[in-house]
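Subject: Structure handover

Dear colleague,

Please find below the structure that I am passing on to you.

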Amino acid sequence: MKFKKTFSAIAIAICYVVLASSCERENEARSSESGEDSHNTGVDCMICHKKDGNGKGIFTVAGTVYDSIQKNIVTGATVRLYSGANATGTLLATIPNDQSGNFYISNTIDFTKDVYVSVKSRSGNIKEMNGKIKTGACTSCHGTTTDVVWVK
């Protein structure tokens, strides 16, 4: 009898872990270079992609990459987050942008610590932000109070 209770408790615990992890995966989001399903280019993604928001997935970092004239989207770019300025320290995240020029992830990023951004174009050009960021809602500033995110 003791064996059956222990076995049942273990089986219930395993089911809970499997269900909980599959629920977490449903909320995960990540852009991909070949992705074509993102939308609202240039708009603050976090307006909808937040807890209790209308968008699918909760984004922690999201935005749009433009070219150097800051009018046309760029595809094939990669956004990298580092713990140190000028692409130094620990690489925290690598985020490819998609066919709409958008990039997004749902990974946990601790913005209370130092987070710096580096954007690399398909041709290898790199543009880095000078200051650390406090939010992953890139278009909440870029395109409103500062230039859009861009790379040559």
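A salt bridge is taken here as a side-chain nitrogen of Lys or Arg within 4 Å of a carboxyl oxygen of Asp or Glu. Please note that the model is a predicted one. By that criterion it holds 2 salt bridges.

In one of them, Asp114 pairs with Lys132, and the closest N and O atoms are 2.9 Å apart. Asp114 belongs to the loop between S4 and S5, and Lys132 to the loop between S6 and strand S7 (149–150), so the pair ties together parts that lie 18 residues apart in sequence. Asp114 is partly exposed, at 34% relative accessibility, and Lys132 is partly exposed as well, with a relative accessible area of 39%.

Glu33 forms a salt bridge with Arg122, with 2.7 Å between the closest N and O atoms. Because Glu33 sits in the loop between helix H1 (2–27) and S1, and Arg122 in the loop between S5 and S6, this pair joins parts that are 89 residues apart in sequence. Glu33 is partly exposed, with a relative accessible area of 38%, whereas Arg122 counts as exposed at 53%.

Turning to the strands, an open sheet of 4 strands runs in the order S3-S2-S5-S6, with antiparallel pairing. S3 and strand S6 (126–128) form its edges; each has a single partner strand, so one side of each has no neighbour in the sheet. From one strand to the next, the twist averages 25 degrees. S2 and S5 are paired in the antiparallel sense over 5 bridges, and Leu81 has Val117 in S5 as its bridge partner.

Leaving out residues up to four places away in sequence, Ile95 touches Leu81 and Tyr104, among others.

Finally, Asn102 is a polar residue that may interest you. Asn102 lies in strand S4 (residues 102–105) and counts as buried, because its relative accessibility is 2% and the limit is under 20%. Its side chain makes a polar contact with the side chain of Thr64 at 2.6 Å and reaches the backbone oxygen of His39 at 3.3 Å.

Yours sincerely

How values were computed
Residues are numbered from 1 along each chain as its sequence is written. This is a predicted model: local features need pLDDT of at least 70, side-chain atom pairs count only at pLDDT 80 or more; totals for chains, interfaces and linings use all residues. Side-chain values use heavy atoms; hydrogens and water are left out. Helices (H or I, at least four residues) and strands (E, at least two) are DSSP runs, numbered from the N terminus. Buried means under 20% relative accessible area, exposed over 50%, partly exposed in between (1.4 Å probe, protein chains only). A polar contact is a pair of N or O atoms within 3.5 Å; within protein, one must be able to donate a hydrogen and the other to accept it, and residues adjacent in sequence count only if both atoms are side-chain atoms. Contact means heavy atoms within 4.5 Å. Two strands pair if DSSP finds at least two bridges between them. Axes are lines fitted to C-alpha atoms, for helices over the stretch in contact, and angles run from 0 to 180 degrees between N-to-C directions.
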